[in-house]
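Have the sequence and the 3D view open as you read.

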Amino acid sequence: MFSSSILLQILACALYSNWWPMLSALMYVVVPMPCMFFGGGSTQFLITRDGGGWIDAAKFLTGASTVGSLAIPIILRHAQMIETGAMLIEFTSFFIFICTVMCFHRASLDDYDW
């Protein structure tokens, strides 16, 4: 699923001969970083109420990078740097990426026998 998301990212750029939409692919690298640095590679901390400075920072950074993934194509379209079709392909790519993350999260929860 992740590879199809990246394929849509590349298609959004190649079909419209404009590589600005690839800027949102940078956020795909940033989204899992808080899980790797603060959560030990697990998404378990995202659903707990236990807090602390680093856990709360990780939740904030995950949310901010997720919102940034949606905001970048909208801002680029508003500035008329990309076409509407490229923006819609970017949203489809983001939806597939989020489904991939949700499947990973669900699979990692199954490892803990919930």
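## Starting at Phe 94

Let's begin with Phe 94, which sits in helix α5 (residues 84–110). Keep in mind that this is a predicted model. Is Phe 94 buried or exposed? Phe 94 counts as buried, because its relative accessibility is 9% and the cut-off for buried is under 20%.

Which residues does Phe 94 touch, once those up to four places away in sequence are set aside? The list is Tyr 28, Thr 66, Ser 69 and Leu 70. Ser 24 is worth a look too: Ser 24 and Phe 94 are 70 residues apart in sequence, yet their C-alpha atoms are 9.1 Å apart in space.

## The aromatic cluster

The structure holds two aromatic pairs. One of them joins Phe 2 and Phe 97, with ring centres 5.8 Å apart and 55 degrees between the planes, a tilted arrangement. This pair links distant parts of the chain, with Phe 2 in helix α1 (residues 2–14) and Phe 97 in helix α5, 95 residues apart.

Tyr 28 lies in helix α2 and Phe 97 in helix α5, so the pair ties together parts 69 residues apart in sequence. Both Tyr 28 and Phe 97 are buried.

## Out on the surface

Helix α2 (residues 25–30) also includes Val 30. Val 30 is partly exposed, with a relative accessible area of 34%. Val 30 belongs to a nonpolar surface patch along with Trp 20, Leu 23, Leu 26, Val 29 and Met 81. Together, the patch residues have about 510 Å² of accessible area.

## The whole chain

Zooming out, the chain has five helices and zero strands, so from the N terminus on the elements simply read α-α-α-α-α. Of its 114 residues, 32% count as buried. The chain exposes about 7,100 Å², and carbon and sulfur atoms supply 71% of that.

Methods
Residues numbered from 1 in each chain as written. Predicted model: local features only at pLDDT ≥ 70, side-chain atom pairs only at ≥ 80, totals over all residues. Heavy atoms only, no water. Helix = DSSP H or I, 4+ residues; strand = E, 2+ residues; numbered from the N terminus. Buried < 20%, exposed > 50% of the residue type's maximum accessible area, 1.4 Å probe, protein only. Areas by Shrake-Rupley, 256 points an atom, 1.4 Å probe, with all protein chains shown as cover. Patch = residues over 30% accessible without salt bridge, like charges linked within 9 Å, V, L, I, M, F, W, Y side chains within 5 Å. Salt bridge = Lys/Arg side-chain N within 4 Å of Asp/Glu carboxyl O. Contact = heavy atoms within 4.5 Å. Phe/Tyr/Trp six-rings, centres within 6.5 Å; stacked < 30°, edge-to-face > 60°.
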